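Thanks for coming. I will walk through one structure this morning, and the sequence and model go up on the screen now.

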Amino acid sequence: MNAVIKQMFSKMKFIDIGANLTDPMFQGVYNGSSKHQPDLPNVLERSWAAGLQKIIVTCGSVSDCEPASHIVKADEKLFMTVGCHPTRCGEFEPDPEGYYLRLCKQIEDNRPKVVAIGECGLDYDRLNFCEKEIQKKYFEKQLNLANKYELPLFLHCRNAHEDFFEILKRNQEKIPKRGVVHTFDGSLEDASKLIELGFYIGINGCSLKADDNLKTVAQLPDNRIMLETDAPWCEIRPSHAGSKYVQTKFPSVKKKEKWEEGLLIAGRCEPAMIVQVLEVLSGVKNKPRESLAEMYYNNTEKVFFPKEK
């Protein structure tokens, strides 16, 4: 099947800016229960066949960094972020400076594989995991990492745009490399303010659920868009507004227990599915896939993989 995939996408190149490859699903474990053998190598083979040139593995806490580093060091096309997700910022509280220094150590131990600080930001949809003031405090603290290591940001914002934007604007001198707001699902006004501040907008399946989402992404400037999957999450489901533009279908099994080496698992997103995100953007913008793919690829290279001068 990989040869077929390669033939389908041979003219396009992609970089997935956000894939959670440390997730237990890629070890065959779902909700604590083993359903099939570990298959990350198969997932990566399909990714490379589908035109992925690089994948950035997302870390959401210090504890994610070690397993991520093992994954990315095994392949020259894999990279990683280092940071603390807003819903996990309570991990700072017992020893704020100690936790910060542990993040620093992960960056220093894994350079040049670390290409961004994150995933960090604000999430007011899930305050049951971490209250606002703690999120804001440690989001701002992590901006010091971007300054110290001269790295761009990989950002998360849910229902918190006003505070999120205020913190970024107030600290903009600390973040000259700017970065990307991933899994964007906000308004055009929100996106425009972030773009004006110098940030890029990351689009995946969760950015394309509703008609309002499609209207927003259709108006985003192409020179400020990056593509991602957020695998194993954020697949484009048949119920999503964007699904009508999806052309590429991957052979899959419906049940995890029926895993087969060459097939995807229904309900588990993979980096290879990034082409479907592109197809939705191509559909809503009424522009050729190939030209958009090249633009989004170049945007990502510029921010996370700048050429040496």
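A word on the source. This is a predicted model, in which local features need pLDDT of at least 70 and side-chain atom pairs count only at pLDDT 80 or more, while totals for chains, interfaces and linings use all residues. Residues are numbered from 1 along each chain as its sequence is written, and side-chain values use heavy atoms, with hydrogens and water left out.

Now the cores. In soluble globular proteins, nonpolar side chains tend to be buried together. Buried here means under 20% relative accessible area, exposed means over 50%, and partly exposed is in between, with a 1.4 Å probe and protein chains only. A nonpolar core is a set of buried Ala, Val, Leu, Ile, Met, Phe, Trp, Tyr and Cys residues joined through side-chain atoms within 4.5 Å. The largest such core has 87 residues, and Leu-21, Leu-153, Leu-168 and Ile-203 have the most contacts inside it.

What does Leu-168 touch? Contact means heavy atoms within 4.5 Å. Setting aside residues up to four places away in sequence, Leu-168 touches Phe-139, Leu-143, Leu-153, Leu-155, Ile-175, Leu-194, Leu-197 and Phe-199.

Leu-194 brings us to helix α7, residues 188-196, where it is buried along with Asp-190, Ala-191 and Ile-195. These residues cover an arc of only 130 degrees around the axis, so they are on the same side of α7. That arc is taken from the directions from the helix axis to the C-beta atoms. For the element names, helices (H or I, at least four residues) and strands (E, at least two) are DSSP runs, numbered from the N terminus. The buried residues of α7 pack against α6 (161-170), β8 (179-181) and β9 (200-203). On the face turned away from the buried side are the exposed residues Glu-189 and Glu-196. After α7 comes Gly-198, with a positive phi near 110 degrees.

Next, the rings. Rings of Phe, Tyr and Trp (its six-membered ring) pair if their centres lie within 6.5 Å; planes under 30 degrees apart count as stacked, over 60 as edge-to-face and the rest as tilted. How many aromatic pairs does a search of the whole structure find? It finds four. Phe-79 and Phe-305 make an edge-to-face pair, 4.9 Å centre to centre with 65 degrees between the planes. Phe-79 is in strand β5 (residues 78-82) and Phe-305 in the segment after α10 (289-304), so this pair links distant parts of the chain, 226 residues apart. Both Phe-79 and Phe-305 are buried. Phe-139 and Phe-164 are stacked, at 5.6 Å centre to centre and 10 degrees between the planes. Phe-139 belongs to helix α5 (residues 132-149) and Phe-164 to helix α6, so the pair ties together parts 25 residues apart in sequence. Elsewhere, ring pairs join Phe-92, Tyr-99 and Tyr-138 into a cluster.

Two rings also have a charge over them, meaning NZ of Lys or CZ of Arg within 6 Å of the ring centre and within 35 degrees of the ring normal. Lys-54 lies over the face of Phe-305, 4.8 Å from the ring centre. Arg-224 has its charged end over the ring of Tyr-200, 4.2 Å from the centre.

Two single residues now. Val-72 is in helix α3 (residues 62-72), and it is buried, at 0% relative accessible area. Beyond its neighbours within four places in sequence, Val-72 contacts Val-57, Leu-78, Phe-79, Met-80 and Lys-113. Thr-58 is in the loop between β4 (52-57) and α3. At 3% relative accessibility, Thr-58 counts as buried.

Last, the cysteines. The structure holds one disulfide, defined as a pair of cysteine sulfur atoms within 2.5 Å. Cys-206 and Cys-234 form it, with their sulfur atoms 2.3 Å apart. The torsion about their S-S bond is about -100 degrees, so the disulfide is left-handed. Both Cys-206 and Cys-234 are buried. Cys-65 is in no disulfide, and the nearest cysteine sulfur, that of Cys-59, is 4.2 Å away. Cys-130 is in no disulfide either, with the sulfur of Cys-89 the nearest at 5.4 Å.
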